[in-house]
Amino acid sequence: SHQAMIYLDNAATTRQKPQPVIDAVVLAMTTLGNSARGTHEGSLSASRMIYGTREKLATFFNCPRPDHVVFTANSTEALNMAICGLLNPVSLSFVPADRQGRIDYGEFERLIRPETRAIICTHASNLTGNAVDIGRVGAIAHAHGLIFLVDASQTAGVLPIDMEAQQIDLLCFTGHKSLMGPQ
């Protein structure tokens, strides 16, 4: 007999993938070669698909240049690459949240010191569900000449993200959660 299942762990990964995602994975596994590993059609098709994906992601998140879209193993690796690539080891300041998980946006400006180089924030918590007004934080960062890095692992595909309008310099996210990609 067919049993229904209720799955409540989308914050970790989406389990039920839409049929077009399954079809795309099967197509890739049965027709594509290894990108940049030759000049045969399978390899060239893989390279074209990867660049096409860069273009689609750039459009989706309003990133100014598709060649600025970088693929990593996961969002943790992306965040570490961005942080280690941009910042020397320095002290950290944390914007506190109240018991309901809400933050005081004035704290961002109060914590900025002359040596501050970046504001790094999570768009939304997978524990509380609280979302940060990243447009507001982006405006604070850019008003002070700071880099703005956003971890959108929980929100990419759920909440609207516009890198230009929200003044996001670096956006890190994963494809296997609300973008419904493979794990």
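How many of the 5 residues of E2 are buried? The answer is 4, so E2 is largely enclosed by the rest of the structure. "Buried" here means under 20% relative accessible area, while exposed means over 50% and partly exposed is anything in between, using a 1.4 Å probe and protein chains only.

A couple of ground rules come before the tour. This is a predicted model, in which local features need pLDDT of at least 70 and side-chain atom pairs count only at pLDDT 80 or more, while totals for chains, interfaces and linings use all residues. Residues are numbered from 1 along each chain as its sequence is written, and side-chain values use heavy atoms, with hydrogens and water left out.

Now for the overall picture. The protein has 5 helices and 3 strands, and along the sequence they come in the pattern α-α-α-α-β-α-β-β. Helices (H or I, at least four residues) and strands (E, at least two) are DSSP runs, numbered from the N terminus. Of the 183 residues in the protein, 27% are buried. The C-alpha atoms fill a box of roughly 55 × 50 × 30 Å, taken along the principal axes. If you look at contacts (heavy atoms within 4.5 Å) with a separation of 6 or more, 49% of them come from residues 24 or more positions apart.

Back to the strands. They form an open sheet of 3 strands in the order E1-E2-E3, with parallel pairing. Two strands count as paired if DSSP finds at least two bridges between them. E1 and E3 are the edge strands, each pairing on one side only. Neighbouring strands are turned by 15° against each other on average, direction ignored; axes are lines fitted to C-alpha atoms, for helices over the stretch in contact, and angles run from 0 to 180 degrees between N-to-C directions. As a reminder, strands of a sheet pair through backbone hydrogen bonds, either parallel or antiparallel.

Zoom in on the E1 side. E1 (residues 118–122) and E2 (residues 147–151) run parallel and are joined by 5 bridges. Ile120 stands opposite Leu149 in E2, and Thr122 has Asp151 of E2 as its bridge partner.

How does the chain get from E1 to E2? The path goes through helix H5 (residues 134–143), and this β-α-β crossover is right-handed. Right-handed means that, with the strands pointing away from the viewer, the path from the first strand over the helix to the second runs clockwise. H5 lies across E1 and E2, at about 155° to E2. Its buried residues are Ile134, Val137, Gly138, Ile140 and Ala141. Seen down the helix axis, they fall within an arc of 160°, so they line one face of H5; the arc is that of the directions from the helix axis to the C-beta atoms. These residues pack against helix H4 (106–111), E1 and E2. After H5 comes Gly145, whose phi is positive, near 70°.

Next, the aromatics. The whole structure has 3 aromatic pairs. Rings of Phe, Tyr and Trp (its six-membered ring) pair if their centres lie within 6.5 Å; planes under 30 degrees apart count as stacked, over 60 as edge-to-face and the rest as tilted. The ring centres of Phe60 and Phe61 are 4.9 Å apart with planes at 80°, so this pair is edge-to-face. Phe61 is buried at 3% relative accessibility, while Phe60 is partly exposed at 47%. Ring pairs link Phe60, Phe61 and Phe173 into a cluster.

Asn62 sits in the loop between helix H2 (41–61) and helix H3 (75–86), and its phi is near 55°, a positive value in a residue other than glycine. Asn62 is partly exposed, with a relative accessible area of 32%. Met180, in the segment after strand E3 (170–172), also has a positive phi, near 65°. At 28% relative accessibility, Met180 is partly exposed.
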